[in-house]
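Subject: Structure for your review

Dear colleague,

Please find below the structure that I am handing over to you. My notes on what was found in it follow directly after.

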Amino acid sequence: MMSTDSIAEPVVAIVVAAGSGSRLGAAVPKALVPIAGVSLLRRSLTQLAAGGAQQAIVVVPADEVDAFDADLGEAPLPTRRVIGGAQRQDSVAAGLAVLPELLGEADGVILIHDAARAFVPADVVGRVSDAVRAGAPAVIPVTAVTDTIREVDDLGSRVIDRTRLRGVQTPQGFRRSIIEDAHAALAETGTPVTDDAAAVEYTGNEVALVDGDALAFKITTPLDLLLARAVAEGRP
Ligand code: CTP
Ligand code: MG
C-alpha cells in the first residue's frame, strides 16, 4: 500500500522565465509573449498544474517585475515570484533558494521548467514526477533526434550515429535534496552547466530518462512562434 506520505508529497514547479529572449527578438520579455491571448508563462503554468504541480516559483528578470506580476495575477496555481540571474543556472538557483519558505524542511518533488516550453503536455509533467516519486533522484524527458548530426572540429567533420542521441526537454524532475545539493556544489566550484540534470550528474547521481513529446518544444526563434500560434489555434 502507498503511504499517505508519498500521496501527500508536495510537487513544486520552478519556472525559469528570466532570460532576455534575444533570439526571438520580441518587444516584450519572451515569457510574456501572448499566444492567442495567453502568455507563454501562463500556458506553462497551466500545463504544469494539469500535470500535478501544486505550487510554482516563477523566476523573472529584475527589470520587468511589474509586467510579470500583472501576468501572474491570472496564474492557475499559487505562485511565488523571484528575481533571476545572468545565466539560466543562476535563475534556477534563485528559485531553489525559495524552497525553504514554501516547504520548510519537508521533502518533495521539484520540477524545473523553461517558461519557453509553453505547450508541454500534462502527460509529460506527470511521467517526470511519477518517476521521481518512484525513486529516481533525477528525471528528464527526452525525444529522438530527427536531423542527421555532424560533429565539426579542426580536423574536419563526421556524422554521429543519431540513434544514440536524444534531445532533452523540461520539466526536469528531482528529489528536493538532490537538486539543492547539486546546485550548492556547482556554486562552490563555479562550475557552469547547461541544464539541471547535468548539475545532478556533477554530484555523482544518475539521471533517468522518460519519454518527452514534440509539443514540449522550446520557443526560441520567430519560426517557433509561428508553430506555437498554429498549435494554439489547433491548425493542422
Ligand atoms: N532563463 C532564465 N534566466 C537566464 C537565462 C534563461 O530564467 N539568465 C530561462 C528563459 O527565460 C527560458 C529558459 O531559461 O524560459 C530557456 O532559455 P532560452 O530559451 O535560451 O531563453 P532566453 O535565454 O530568454 O533566450 P535567448 O537565449 O534567445 O536570449
Ligand atoms: Mg538563452
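Which atom of Ser20 lies 3.2 Å from an oxygen atom of ligand 1? It is a backbone N or O atom of Ser20. Please keep in mind that this is a predicted model.

Two further contacts of ligand 1 deserve a mention. A polar backbone atom of Gly19 is 2.9 Å from an oxygen atom of the ligand, and a polar side-chain atom of Lys30 also lies 2.9 Å from a ligand oxygen atom. Of the accessible area that ligand 1 has on its own, 570 Å², the protein covers 87%.

There are 18 residues around ligand 1, and Val16, Gly21, Ser22, Ser91 and Lys218 come nearest. By class, this shell consists of six nonpolar, seven polar and five charged residues.

Among the residues that line it are Arg117, Asp147 and Ala214. Strand S7 (138-144) and strand S10 (166-168) are the elements that each give two or more residues to this lining. Its residues divide into six nonpolar, four polar and two charged.

Yours sincerely,
A colleague

Note on methods: Residues are numbered from 1 along each chain as its sequence is written. Chains are lettered from A and ligands numbered from 1 in the order in which they are written. This is a predicted model: local features need pLDDT of at least 70, side-chain atom pairs count only at pLDDT 80 or more; totals for chains, interfaces and linings use all residues. Side-chain values use heavy atoms; hydrogens and water are left out. On a 1 Å grid over the protein atoms alone, a cavity is a set of points where a 1.4 Å probe fits but cannot get out, and a pocket is an open set with protein on both sides within 12 Å along at least five of seven lines; lining residues have an atom within 4 Å of a point. Helices (H or I, at least four residues) and strands (E, at least two) are DSSP runs, numbered from the N terminus. Ala, Val, Leu, Ile, Met, Phe, Trp, Tyr, Cys and Pro count as nonpolar, Asp, Glu, Lys and Arg as charged, and the others, Gly among them, as polar. A residue is near a molecule or strand if one of its heavy atoms lies within 4 Å of it. A polar contact is a pair of N or O atoms within 3.5 Å; within protein, one must be able to donate a hydrogen and the other to accept it, and residues adjacent in sequence count only if both atoms are side-chain atoms. Accessible areas come from the Shrake-Rupley method with a 1.4 Å probe; for residues, only the protein chains shown count as cover.
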